[in-house]
Amino acid sequence: MATLWVGSRKGLFRFDDGAASWQSAGPPQFLAEPVSAFLDDPRDGALYISLYHGHFGCKLHRSDDRGKTWVELPSPAYPKSDAPDAPALEFVWCFAAGGADEPGVIWAGTLPGGVFKSTDRGQTWVLNEALWNVPGRDKWFGAGYDHPGVHSICVDPRDSRHIVIAVSIGGVWITRDGGDSWVIGGYGLRNEYMPPDQAQTPELQDVHLMAACVSDPDRMWAQHHNGIFVSDDGGMNCRESLNVKPSNFGFAVAPHPTDRNRAWFAPAKKDEYRVPVDGRLVVTETRDGGVTFASHSSGLPQVEAYDLIYRHALVIDRTGQRLAMGSTTGGLWVSDDQGATWQLLSAHLPPIACLTFAP
Amino acid sequence: MVAKVRFTSHLVRHRPAPMIDAAGATVAEVLAAGLAGDDLLRSYVLDEQGRLRKHVTIYLDGSVITDRLRLSDPVGPQTEIYVLQALSGG
């Protein structure tokens with residue numbers, strides 16, 4: 001049985017794939033609490049959730065019984081300082097499991113722009129100081145939030161010490177020594193809204209999501225603020241996909257896990273609108289490494305749709321056969337045929353922040 | 001000085017937060033004593049820098065505290081401290 005976790009503005013929902021169709025498992029856990037990140041750890045089956053309480057701060061919980069019960073964990077904490085403007089955690093934007101050779105290692109990308117590491121399944125967290133103090137981060141700035149944030153952490157399945165992250169706004173950063181040192185990547189990205197002489201500055205790139213092909217992690221995809229970019233060297237260098245219809249703007253990308261040339265996107269009318277182009281919600285797919293794109297609309301609303309797909313709300317399962325997509329207006333769809341047709345699971349959920357297929 | 005500290009029911013929904021009697025000369029000292037041993041509950045009220053969370057308010061004998069950064073407002077005898085969510089930020 002397949003399971004789809006739905007992190008929403010009002011709690012964590014679960015849908016299960018029964019014999020014939022997807023069924024909601026019922027009311028959400030953490031009802032009324034906004035979910036900012038979720039992880040279903042493929043190594044031990046533990047679940048991690050980040051809740052972004054409006055009043056009381058960001059809180060983490062872990063479940064060791066597939067969501068039946070949860071234990072609260074300490075949240076990542078920035079180093080103590082007496083400065084009045086000393087950083088404090090706003091929220092966790094993403095989790096990533098460490099490698100198969102690193103049981104218990106969990107990474108968290110945060111706002112303000114930090115990467116935290118836990119080596120004990122979330123019981124304690126340590127800020128990665130090398131990234132926090134990396135030369136060039138003075139150029140980072142917030143995009144939609146007061147501070148920059150880390151939303152993408154890609155751990156290389158071939159080498160757990162090789163990690164690629166992306167920052168809005170702060171570009172692509174790469175470590176090959178487990179976070180002891182970082183170098184800037186993302187050469188070739190282009191940020192159209194910056195002054196022309198700054199448009200290609202790597203530290204000023206507004207990547208919305210960075211993701212890798214699981215079986216070939218050198219192939220990476222970036223849904224950037226002003227376009228779709230492809231990398232053949234693990235994010236160090238990128239090239240732009242041109243003439244993407246109906247739009248090259250969006251937040252999400254779902255790479256095929258084994259076919260390096262395939263990926264799916266959820267386009268929107270850029271960037272001051274952020275709604276489906278002409279009110280038609282579509283998913284675009286490339287099968288040739290970002291040269292050409294097909295548009296899929298079967299099963300998706302095609303009249304007066306205002307669904308926007310956030311960066312963690314378009315996902316693909318480990319087989320590469322099934323996709324899921326959730327929207328800001330509470331629409332949830334699943335495709336069992338690689339995006340060709342879509343089945344509406346609900347049109348009435350809270351705004352959806354993140355989706356996760358159980359591994 | 002010994003103060004009584006009460007928490008909003010909105011917080012109690014997330015963490016057990018019984019009324020506390022704790023000693024201290026300032027709000028910071030009272031909270032430090034009252035929340036000692038419960039770092040998770042403390043994190044609902046204060047951020048990791050010890051500042052009052054942006055969308056949390058503390059009433060001290062009927063008045064909002066003035067020092068949200070260091071919580072240095074003095075505590076008198078018979079003081080009652082109410083920790084509640086602000087109207088902003090929900």
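Mentor: A strand here is a DSSP run of E, at least two residues long, and strands are numbered from the N terminus. The model is a predicted one. Leaving aside neighbours within four places in sequence, W264(A) is in contact with A254(A), V283(A), T284(A), E285(A), L314(A), I316(A), L323(A) and G339(A).

S50(A) belongs to strand β5 of chain A, residues 47–53. S50(A) is buried as well, because 28 other C-beta atoms lie within 10 Å. Not counting residues up to four places away in sequence, S50(A) touches V35(A), S36(A), A37(A), C58(A), L60(A), F91(A) and V92(A). From S50(A) to A358(A), 308 residues apart along the chain, the C-alpha separation is 17 Å.

In soluble globular proteins, nonpolar side chains tend to be buried together. The largest nonpolar core here has 103 residues, and M210(A), A252(A) and A313(A) have the most contacts inside it. Another core, of 23 residues, lies apart from the largest one and includes F7(B), L46(B), L71(B) and V83(B). To return to M210(A), its contacts beyond four places in sequence are S152(A), C154(A), V164(A), A166(A), V172(A), M220(A), A222(A) and G235(A).

In chain B, look at helix α2, residues 27–34, where V27(B), A28(B), V30(B), L31(B) and G34(B) are buried. These residues lie on the same side of α2(B), because they cover an arc of only 165° around the axis. The buried residues of α2(B) pack against β1 (2–7), β2 (20–23), α3, β3 (56–60) and β5 (80–85) of chain B.

That leaves the contact between the chains. There, 18 residues of chain B are in contact with 15 residues of chain A. On the chain B side, α1 (9–12) and α3 (39–45) each supply at least two residues. The largest share of that side, four residues, comes from α3(B). By class, the side of chain B that touches chain A has six nonpolar, eight polar and four charged residues.

Conventions. Residues numbered from 1 in each chain as written. Chains lettered and ligands numbered in written order. Predicted model: local features only at pLDDT ≥ 70, side-chain atom pairs only at ≥ 80, totals over all residues. Contact = placed C-beta atoms within 7 Å. Core = buried A, V, L, I, M, F, W, Y, C linked by C-beta atoms within 7 Å. Buried ≥ 20, exposed ≤ 12 C-beta atoms within 10 Å, placed from the backbone. Nonpolar A, V, L, I, M, F, W, Y, C, P; charged D, E, K, R; others polar. Arc of directions from axis to C-beta.
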